[in-house]
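My entries follow in the order in which I made them.

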Amino acid sequence: DDVTPEPELKLGFESIPGARLNAVAVAAGYSAQVLAPWGTPLNSQANSWKDDGSNTSQDQLNAVGMHHDGMHFFPLNGSDTEGLLCINHEYIDQSALHPAGATEVAGKRPAEEVRKEINAHGVSVVHIRRVDGVWDVVTDSSYNRRITSATEMDVTGPVAGSGLLVTKYTTGRGVENIARGTNNNCGNGYTPWGTYLTCEENWPFIFVNSGTQDAGQVRMGIPASGTRYSWETAEDGLYDEFTQFNVTPSGTDATQDFRNEANGHGYVVEIDPYNPASRAVKRTALGRFRHEDVTFGKLETGKPVVFYTGHDGRFEYIYKYVSTKLWNPADASRIDRLSVGSEYMDDGILFVARFNEEGKGEWIPLLESTVTTSGQTLGEVVGSQAEIILNCPWAGDAVGATPMDRPEWTAVDPDTGLVYVTLTNNTSRTEVNAANPRTNNKFGHIIRWQEGAAATEFAWDFFVFGSPASGDSATNLSGLTERNEFASPDGLIFDSRGILWVQTDNGADEVTENTNDQMLAVIPSRLGSADSGEPVVDGGNQDQLRRFFVGPNGCEVTGLAFTGDNKNFFVNIQHPSNWPYSRNAAEETPVGVSVRPRASTVVIMKDDGGEIGV
Ligand code: FEO
Ligand code: CA
Ligand code: CA
Ligand code: CA
C-alpha cells in the first residue's frame with residue numbers, strides 16, 4: 001500500500017514571554033498586520049475614517065463596525081488569498097466613537113449619535129484579498145455588507161408563529177416572524193453548509209421594562225430601569241425607531257407597543273455571506289439566552305447535526321441542540337444555504353447540561369413533557385415550547401441544570417469529537433459543584449467531554465486551570481509557568497489540524513501585572529487523559545501549552561479564523577487602549593503619543609510563508 005504516514009503534529013514555535021506593550025507580540029519568525037480596523041470604509045458611500053470621531057452614522061453604516069469579536073473566513077473559489085471575512089462587533093466605546101463621547105440634551109440622546117452607535121454594532125461581511133503579502137479590504141465589492149442592531153431579519157423555529165413576536169412594528173409591516181437588529185454579537189460559529197453564525201450575548205441591557213415584569217423577564221435580566229446606552233430616549237423616527245428599546249407595556253394591546261420587541265433577541269443568527277441579497281435568520285430552536293458562541297459537533301453521515309452553545313453569565317448553563325434531520329454530506333455543497341439551515345436548525349431538540357460527580361454528565365431535553373425537579377412538567381412550569389425556548393435559563397433552573405462559572409466558547413476536536421468549553425471565571429462562587437470546583441474562581445478553567453452512546457449521556461474531565469505562575473499549589477492546579485500563565489480563558493478554537501487555540505479576556509491583577517491578554521496553543525490529542533480529578537495539561541511541560549501571541553495594552557484577544565492552508569491567521573483585538581499606531585501590528589505606539597483606539601483584525605503570517613503554529 002502506498003500510504004504516506006502523517007507527520008507528527010507538534011508545536012513549532014517557542015513560547016513567548018508575557019508582554020505589556022501598546023503593540024502586539026508574536027512568536028519569533030512571524031509577523032502581524034493590521035486589517036480592517038473599526039471605521040474602514042466598505043464602499044465609497046463611507047468617508048474615510050477620521051481620527052477625531054467625526055464620521056457620521058451613514059459613514060458607520062458603510063464601514064467596519066466597532067469592537068471586533070468572533071470571526072470566520074469564507075474562501076472565494078477555494079482561495080487561500082481571497083475570501084469573505086465575517087466579523088462580529090460586540091459593543092462600542094462611546095468615548096472613541098464620538099468626538100466628545102456620548103452626549104444628551106435634556107435627558108435625551110441625539111438621534112444621530114444613537115444611529116451611529118446602532119450602526120457600529122452587529123456584523124461586517126468584508127471581502128479581503130492578499131496581494132504581494134499584504135491583506136486589504138476590497139472596497140466596493142458587492143459582497144461587502146453591514147448587518148447592524150437595526151437590520152430587519154427573519155425569525156424561524158419554535159418562537160416563530162407563536163404570536164410572541166408581535167409589536168407595533170411587525171403589525172405596521174404586516175408580517176410577524178421578523179426582528180429588528182442583532183446586538184452584542186460576541187462569539188461566532190459557522191455551519192457545515194457554508195454560512196456564518198453570530199451569537200447575541202449581552203442584548204438584555206439595551207432594553208428596559210419599567211412595568212411589571214413576568215418571571216421569565218426577571219430571570220433573563222431585562223433591566224427595570226435604565227439601559228446600557230439610553231437609546232430609548234432618542235427622538236423617534238419611523239415605527240418608533242428608538243422607543244422600541246422600551247419594552248414596557250403601554251396598555252393591553254401588544255400591536256400598539258413594543259412589549260415583545262426583546263423576544264426577537266437572544267439567538268444564534270445565521271448569515272449567508274456568499275449571497276449579499278439574503279436576509280439574516282434568527283434560529284430560535286437553538287435557544288434564547290445570552291449566547292457566547294456556537295460550535296457544531298463532529299459530523300457523521302446519517303447522524304443528527306449537533307450544536308453546542310454556552311450562556312455567558314455567572315451560574316448559567318451549557319446547551320446542546322440535536323437536529324431531527326440526519327446529516328447528508330451532499331448538503332454541504334448546496335447553494336440554497338439558508339434553506340439547508342432551516343432543515344437542520346429549525347427542527348430539533350435543545351438539551352441543557354447537568355454535570356454529575358465522577359466525570360459523568362447528562363443532557364436534559366427542554367421539552368414540554370420533561371419532568372422538572374418539582375415533579376411538574378416543563379410545560380406546566382414554563383409553558384408552551386415557544387415559551388420554554390424564550391425562557392431557557394428559567395427552564396434550566398426547573399430541570400436542575402448545573403450552574404457553571406460563565407460558559408464562554410465551545411470547541412470541538414476535529415479528530416476525536418471531544419468538546420471543550422471555557423469557564424472564564426466566577427468570583428461570586430461560594431458553593432462548588434463537581435465541574436466548578438473553586439470558590440471565588442478568579443482565573444477560570446477549561447473542561448471537556450465526550451458524548452456517550454445515548455444522546456443524553458456524556459463523560460467529562462478537567463483540561464486546564466487558569467492561574468498566575470506564582471499561585472500556590474491550591475491555585476496553580478495545572479502547574480503553569482511564566483511562559484504560559486493565563487487567566488479567564490474565553491475564545492477557544494480548533495484549527496483543522498487539531499491545534500487548540502486559547503484566547504483570554506482577563507481582569508485578574510495577578511496575571512495582568514505580568515502580561516496582557518494573549519493566545520496560547522495546545523494539541524490535546526497528544527496529551528491523553530489524566531487521573532481522576534486532575535487536569536490534563538501539565539503547564540510545567542513547555543511542549544504542551546505554549547504562548548504564541550500577546551495583544552496590546554487594554555485589549556482582549558478574541559476571535560480566530562484561518563485560511564484553508566493554515567498560512568494566514570486572523571485574530572481580533574478588542575478594546576485596545578492606545579493602538580494601532582501603524583499597519584504593522586507589532587509597531588509600538590511611541591511613548592507620549594495618544595491614538596484614538598481602534599479594534600482591529602490582526603493577520604499573522606510566518607516569515608518563511610509556512611503553516612502557522614507547527
Ligand atoms: Fe462577549 Fe462573554 O464574551
Ligand atoms: Ca467572550
Ligand atoms: Ca469574556
Ligand atoms: Ca468582549
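**Entry 1: helix α6.** I began with helix α6, residues 337–345, and looked up its buried residues: Arg337, Leu338, Val340, Gly341, Tyr344 and Met345. I call a residue buried if 20 or more other C-beta atoms lie within 10 Å of its own, exposed if 12 or fewer, and partly exposed in between, with C-beta atoms placed from the backbone. Helices (H or I, at least four residues) and strands (E, at least two) are DSSP runs, numbered from the N terminus. Seen down the axis of α6, the buried residues fall within an arc of 150°, so they line one face of the helix. The arc is that of the directions from the helix axis to the C-beta atoms.

This is a predicted model, in which local features need pLDDT of at least 70 and side-chain atom pairs count only at pLDDT 80 or more, while totals for chains, interfaces and linings use all residues. Residues are numbered from 1 along each chain as its sequence is written, and chains are lettered from A and ligands numbered from 1 in the order in which they are written.

What do the buried residues of α6 pack against? I found β12 (268–271), β13 (281–283), β15 (304–310) and β17 (318–326). Contact here is counted when the C-beta atoms of two residues, placed from the backbone, lie within 7 Å.

**Entry 2: strands around β17.** I followed β17 to its partners. β15 and β17 pair in the antiparallel sense over six bridges; two strands pair if DSSP finds at least two bridges between them. Val306 has Val322 of β17 as its bridge partner. β17 is also joined to strand β18 (residues 348–355) by five bridges, and these two run antiparallel. There, Tyr319 has Val352 of β18 as its bridge partner.

**Entry 3: the six-stranded sheet.** β12 and β13 turned up again in an open sheet of six strands, ordered β9-β8-β13-β12-β11-β10, with mixed pairing. Its edge strands are β9 (178–180) and β10 (185–190), each of which pairs on one side only. From one strand to the next the twist averages 35°; axes are lines fitted to C-alpha atoms, for helices over the stretch in contact, and angles run from 0 to 180 degrees between N-to-C directions. Within this sheet I checked β12 and β13, which pair in the antiparallel sense over three bridges. Glu270 stands opposite Val281 in β13.

**Entry 4: the four-stranded sheet.** Another open sheet has four strands in the order β2-β31-β30-β29, with antiparallel pairing. β2 (30–35) and β29 (556–562) are the edge strands, each pairing on one side only. The twist averages 30° from one strand to the next. Six bridges join β2 to strand β31 (residues 600–606) in the antiparallel sense, and Tyr30 has Lys606 of β31 as its bridge partner.

**Entry 5: nonpolar cores.** A nonpolar core is a set of buried Ala, Val, Leu, Ile, Met, Phe, Trp, Tyr and Cys residues joined through C-beta atoms within 7 Å. Which members of the largest core touch the most others? In this core of 152 residues they are Leu85, Val126 and Ile604. Strand β24 (residues 457–465) gives the most to it, with six residues. Leaving out residues up to four places away in sequence, Val126 touches Ala36, Leu42, Val64, Leu84, Leu85, Ile87, Val137 and Asn144. I also noted a second, separate core of 16 residues, including Ile118, Trp231, Phe245 and Phe258.

**Entry 6: Ile388.** I found Ile388 in helix α8 (residues 385–390). Ile388 counts as buried because it has 25 C-beta neighbours inside 10 Å. Ile388 and Leu366 are 22 residues apart in sequence, and their C-alpha atoms are 7.1 Å apart in space. Neighbours within four places in sequence aside, Ile388 is in contact with Leu366, Glu368, Leu378, Val382, Gly383 and Ala395.

**Entry 7: backbone exceptions.** Most residues other than glycine have a negative phi, and most peptide bonds are trans. I looked for exceptions. Ala106 is not a glycine, yet has a positive phi of about 50°. Ala106 lies in the loop between α2 (94–97) and α3 (111–120). With 5 other C-beta atoms within 10 Å, Ala106 is exposed. Ser230 also has a positive phi, near 55°, and lies in the loop between α5 (215–220) and β12. Ser230 has 19 other C-beta atoms within 10 Å, so it is partly exposed. Last, a cis peptide bond joins Trp579 and Pro580, with omega about 5°. Pro580 is in the loop between β30 (569–574) and β31.
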